[in-house]
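Morning, everyone. Please bring the structure up on your screens. I'll take you through it piece by piece.

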Amino acid sequence: MLLKFPIVQTAKKCGIPFDQRTLGRAVVEAQCPFCGDQRHHLFLYTSDDHFHCYRCRAHGNAVSLYARCNELSYANAYHELADDKILRLPQKREPRPQAVEPAPIERRHAVYTALLDSLALSQEHRENLLERGLNSEAIEAGGYRSLPYGKEVRDALAASLSQDCNLMHVPGFYTANGIWQFTAWSGLLIPVRDHLGRIQGIQVRLDRAEKRKYRWVSSADLPNGAPARGWVHVTGDTGRRTACITEGALKGDISSLLTGGTLFLCVAGVDSTALLPETLKALKIRKVYETFDMDKLTNPHVRDALKRLQKLLAANGVQYRPYHWNPEYKGVDDYLWARSRAI
Ligand SMILES: [Zn+2]
Ligand SMILES: [Zn+2]
């Protein structure tokens with residue numbers, strides 16, 4: 001029987017420096033030893049013990065990490081790891097804190113609607129949305145808002161919302177010393193809606209970020225807070241039984257608009273498909289076009305995820321069709337926008 005080795009402990013054995021704040025999480029961030037990474041682009045996935053560098057795309061399991069770091073053959077790396085008694089000890093599982101369920105959809109929708117109503121869209125964000133292919137009506141309908149910088153702004157927001165709404169377990173809200181707070185990075189807020197148009201959750205596009213620009217508004221592990229789930233954003237004509245699937249709510253909104261209302265199902269990441277089956281069922285989807293970014297042709301991590309997606313769709317009785325376009329355009333929205341301007 002082949003042994004499996006824990007990715008974080010193996011990386012430790014390789015002397016790879018970690019982002020200490022991420023230790024103990026499901027995904028640990030570290031400095032990639034292969035590409036002169038000065039930040040932490042190497043992600044160590046503890047769920048399946050694989051590593052992936054978002055800078056140089058190095059990718060593999062614990063054995064290949066150890067082999068490449070120590071210039072060993074795969075077989076020799078395997079034997080060295082197998083001889084390491086500490087690596088072979090059963091891994092201590094961190095006791096997970098009691099999982100909190102987010103507030104039900106009706107309450108999330110009410111709170112998030114009130115939140116967006118009390119914010120404006122900055123001129124800068126509006127121009128950016130127009131440049132990406134949206135028009136004024138679509139911007140209005142989408143409900144995008146700007147969350148300004150500064151803790152005072154967020155504290156005031158939480159204080160005023162808590163007067164009218166029950167913020168308990170609504171992802172993004174939590175209490176400190178009994179006072180409601182709103183945790184989020186500043187940036188563009190993007191509502192993630194269900195098949196009935198209700199706001200399930202909110203994603204924020206960070207203004208100043210290189211990696212992982214999009215994050216869920218979440219207050220996991222905070223008092224009276226809750227984690228966000230991998231909610232699927234639904235945009236376009238929900239009467240159709242054929243849909244496109246892509247990564248990112250904003251990308252879907254733009255692509256749907258540019259194609260006259262094509263139904264788009266938008267997951268937050270290629271691996272974030274746990275809630276997809278219930279969306280497929282609610283909309284009675286029969287056929288799905290996969291329109292993930294074109295780096296799917298070269299990124300092994302995405303390729304693996306697409307194989308899993310294909311299986312998931314088959315298991316739900318949904319036909320799968322990959323959709324490719326000129327890879328000069330990374331996102332399907334970039335491609336559609338370029339095409340619509342060329343006509
Ligand atoms: Zn790298
Ligand atoms: Zn990977």
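Start with the open sheet. It has 4 strands, in the order β1-β2-β3-β4, and the pairing is antiparallel. At the edges sit β1 (27–30) and β4 (59–61), each pairing on one side only. From one strand to the next, the twist averages 20°. Bear in mind that this is a predicted model.

What holds strands together in general? Strands of a sheet pair through backbone hydrogen bonds, parallel or antiparallel. Here, β1 and β2 (residues 42–45) pair in the antiparallel sense over 4 bridges.

Helix α11 (residues 300–315) lies across β2, β3 (50–53) and β4. Its angle to β4 is about 65°.

Next, the metal. Which residues are the protein donors of the zinc ion, ligand 2? They are His50 through NE2, and His52, His59 and His301, each through ND1. They lie 2.3 to 2.6 Å from the zinc ion. Along the chain, the donors follow the spacing H-x1-H-x6-H-x241-H.

Is the arrangement tetrahedral or irregular? For four tetrahedral donors, the ideal angle is 109.5 degrees. To count as tetrahedral, all angles must lie between 85 and 135 degrees. The 4 donor atoms here subtend angles of 79 to 144°, so the arrangement is irregular.

On to helix α10 (residues 276–283). Its buried residues are Leu276, Pro277, Thr279, Leu280 and Leu283. Seen down the helix axis, they fall within an arc of 165°, so they line one face of α10.

What do the buried residues of α10 pack against? They pack against β11 (233–235), β12 (242–247), β13 (264–267), β14 (287–290) and α11. After α10 comes Lys284, with a positive phi near 55°.

Last stop, a hairpin. Strands β6 (residues 173–176) and β7 (residues 179–182) run antiparallel, joined by 4 bridges. Phe173 stands opposite Phe182 in β7. Between the strands there are 2 residues, and Asn177 takes a positive phi near 50°.

That's the tour.

Definitions and conventions: Residues are numbered from 1 along each chain as its sequence is written. Chains are lettered from A and ligands numbered from 1 in the order in which they are written. This is a predicted model: local features need pLDDT of at least 70, side-chain atom pairs count only at pLDDT 80 or more; totals for chains, interfaces and linings use all residues. Side-chain values use heavy atoms; hydrogens and water are left out. Donors are N, O and S atoms within 2.8 Å of the metal (3.2 Å for Na, K and Ca); water is not among the atoms, so sites may look incomplete. Four donors count as tetrahedral if all angles lie between 85 and 135 degrees; four count as square planar and six as octahedral if opposite donors are over 155 degrees apart and all others between 65 and 115; anything else is irregular. Two strands pair if DSSP finds at least two bridges between them. Axes are lines fitted to C-alpha atoms, for helices over the stretch in contact, and angles run from 0 to 180 degrees between N-to-C directions. Contact means heavy atoms within 4.5 Å. Buried means under 20% relative accessible area, exposed over 50%, partly exposed in between (1.4 Å probe, protein chains only). The arc is that of the directions from the helix axis to the C-beta atoms.
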